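Please read them with the structure open.

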Amino acid sequence: MVRQSLPCKSNPKTVIFYQDKAPCHAVRSVQEYLKQIFPVFVPIASMPPISPDLNVLDYCIWNILKQRLNKYGLISNFKKLKKILQKELTAIPQEVIRDAVDSWLFRVSRVEKADGGHIESK
């Protein structure tokens, strides 16, 4: 299930799996399953509560999308918003997304040094 859906035919042995704190992810059987598949797995018990500093969408992608949406002004309906978001999301270069993901381990170490507190982006 998880193995087949990894992007770019990633090898589960080289992937660091980090999840959000959704209740369905916290179930013991799910945690055990993910631990078996991913040798480098961050268990839910080791994750700081709701940390936007460790969520690529929060610390990178949403900011880019917000900047891109500014050029459209007021968007009058959800259908139009969805179309614009899809267009602008696909326009974000993969290199930018990859760099944001690659910065994750560094961000983890900074959050650890801040004892789970907020970190300033550089």
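1. How are helix 3 and helix 4 oriented to each other? This is a predicted model, and in it the axes of helix 3 (residues 56-69) and helix 4 (residues 78-91) come within 10 Å and cross at roughly 120°. Angles of 65 to 115 degrees count as roughly perpendicular and those over 145 as roughly antiparallel, so the two helices are oblique to each other.

2. The crossing of helix 3 with helix 4 is right-handed. Helix 3 makes the contact through Ile-61, Leu-65, Arg-68 and Leu-69, and helix 4 through Leu-81, Ile-84, Leu-85, Glu-88, Leu-89 and Ala-91. Sorted by class, that contact has eight nonpolar residues, two charged and no polar ones.

3. The largest nonpolar core has 14 residues, of which Tyr-59, Cys-60, Ile-61 and Trp-104 touch the most other members. Helix 3 and helix 6 (104-113) are the elements that give two or more residues to this core. The largest share, six residues, comes from helix 3.

4. Tyr-59 deserves a separate look. Apart from neighbours within four places in sequence, Tyr-59 is in contact with Pro-52, Asp-53, Leu-54, Ala-100, Val-101, Ser-103, Trp-104 and Arg-107.

5. Asp-53 is also a contact of Gly-117, as is Val-111, again leaving aside neighbours within four places in sequence. Gly-117 lies in the segment after helix 6. Asp-53 and Gly-117 are 64 residues apart along the chain, with their C-alpha atoms separated by 9.1 Å. With a relative accessible area of 26%, Gly-117 is partly exposed.

Definitions and conventions. Residues are numbered from 1 along each chain as its sequence is written. This is a predicted model: local features need pLDDT of at least 70, side-chain atom pairs count only at pLDDT 80 or more; totals for chains, interfaces and linings use all residues. Side-chain values use heavy atoms; hydrogens and water are left out. Axes are lines fitted to C-alpha atoms, for helices over the stretch in contact, and angles run from 0 to 180 degrees between N-to-C directions. Helices (H or I, at least four residues) and strands (E, at least two) are DSSP runs, numbered from the N terminus. Angles under 35 degrees count as roughly parallel, over 145 as roughly antiparallel, 65 to 115 as roughly perpendicular and the rest as oblique. A crossing is left-handed if the near helix is turned anticlockwise from the far one by less than a right angle, and right-handed if clockwise. Contact means heavy atoms within 4.5 Å. Ala, Val, Leu, Ile, Met, Phe, Trp, Tyr, Cys and Pro count as nonpolar, Asp, Glu, Lys and Arg as charged, and the others, Gly among them, as polar. A nonpolar core is a set of buried Ala, Val, Leu, Ile, Met, Phe, Trp, Tyr and Cys residues joined through side-chain atoms within 4.5 Å. Buried means under 20% relative accessible area, exposed over 50%, partly exposed in between (1.4 Å probe, protein chains only).
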